[in-house]
Amino acid sequence: MASLYLVATPIGNLEDITLRALRVLQEVDLIAAEDTRRTRELLAHYDLHTPLTSYHRHNQASKTPYLLKLLQEGRDIALVSDAGLPGISDPGEELVRQAVAAGIKVVPIPGANAALAALVASGLPAGRFVFEGFLPRAGKERRERLAALAAEERTLIFYEAPHRLVATLSDLLATLGERRVAVGRELTKKFETIWRGLLSEAVAHFHANPPRGEITLVVAGAGPAILPAYDPARAAAEVAELEAAGLDRKEAMARVARRYGQPRREIYRACLQALKKGGEAFLSK
């Protein structure tokens, strides 16, 4: 009986592929790839010459019946995504569902995964976690999804694009409150970095240092509120940083007040004091 193999491919470093995965990619009759160009580079690196066909979100509706027919005719197929395990924030789930329904054998070939790599290196609890993938980009759906996660006690994992990172960190802070976070960038690649700190610190850091590359966020689950030691000068500087990032002044003060567990009038007083001392003159706008 033919099999559908779900083959994990490297998320960056080409050495992160198993011997079993290489054997399967060599032995199957066809590889269905999210991006044939990227998969062809991987195959060339390991001197593999298996035929390729494309399978991505734009053609999966028409391509799924074609691949099922080949499987039913006895041809083994390997499904691969651009990186990591197919079906996780990548095409594959529908093909697997229909293959299972048709009685076709589905074989997972495990390997690299960005979410798990970031989780185990985050320094946050890894025993229980929730993978959310990409959040809805905007609007009511995004707000409702974040609100639903506010009481989640398990560690949260998200994928995000670099140009949306600061907005997502800001939304997480506004909805979930202050939390510890680890921001994994370009995992397993040459310029891999894992930034660790608080959500408010991450907003300021990545506003000042716009990231590049693929991003994985690991956020602490709900628990006792994290209230850093209150420093009026630092609080005033954070208001200025949030305003510089485009936040309304009223909301910036409210957000800093929540971070330190202080009334908003205290944050306003801290801003006035900073101005008198020659600090950021943001109150004169």
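**Exercise 1. Find which residues line the largest cavity of this predicted model, and work out which helices they come from.**

*Solution.* Start with the residues themselves. The lining of the largest cavity is formed by Leu173, Ser200, Glu201, Val203, Ala204, Arg234, Glu238, Glu241, Leu242, Arg255, Val256 and Arg259. The model is a predicted one.

At least two lining residues come from each of α8 (199-208), α9 (232-244) and α10 (249-260).

Finally, look at the volume and the count. The largest cavity holds about 100 Å³, and the count of cavities of 30 Å³ or more is one.

**Exercise 2. Describe how helix α6 and helix α7 pack, using the angle and the distance between their axes.**

*Solution.* A pair of packed helices is described by two quantities, the angle between the axes and the distance between them.

Let's take both for our pair. Helix α6 covers residues 139-149 and helix α7 covers residues 165-176; their axes come within 9 Å and cross at roughly 50 degrees.

Now classify the angle. Roughly parallel needs an angle under 35 degrees, and roughly perpendicular runs from 65 to 115; α6 and α7 are therefore oblique to each other.

Now list who touches whom. On α6 the contact uses Arg142, Leu146, Ala147 and Leu149, while α7 brings Ala167, Thr168, Asp171, Leu172, Thr175 and Leu176.

To finish, sort these contact residues: six are nonpolar, two polar and two charged.

Definitions and conventions
Residues are numbered from 1 along each chain as its sequence is written. This is a predicted model: local features need pLDDT of at least 70, side-chain atom pairs count only at pLDDT 80 or more; totals for chains, interfaces and linings use all residues. Side-chain values use heavy atoms; hydrogens and water are left out. Axes are lines fitted to C-alpha atoms, for helices over the stretch in contact, and angles run from 0 to 180 degrees between N-to-C directions. Helices (H or I, at least four residues) and strands (E, at least two) are DSSP runs, numbered from the N terminus. Angles under 35 degrees count as roughly parallel, over 145 as roughly antiparallel, 65 to 115 as roughly perpendicular and the rest as oblique. Contact means heavy atoms within 4.5 Å. Ala, Val, Leu, Ile, Met, Phe, Trp, Tyr, Cys and Pro count as nonpolar, Asp, Glu, Lys and Arg as charged, and the others, Gly among them, as polar. On a 1 Å grid over the protein atoms alone, a cavity is a set of points where a 1.4 Å probe fits but cannot get out, and a pocket is an open set with protein on both sides within 12 Å along at least five of seven lines; lining residues have an atom within 4 Å of a point. Grid points are joined across faces, edges and corners, and a volume is the space filled by probe spheres set on the points.
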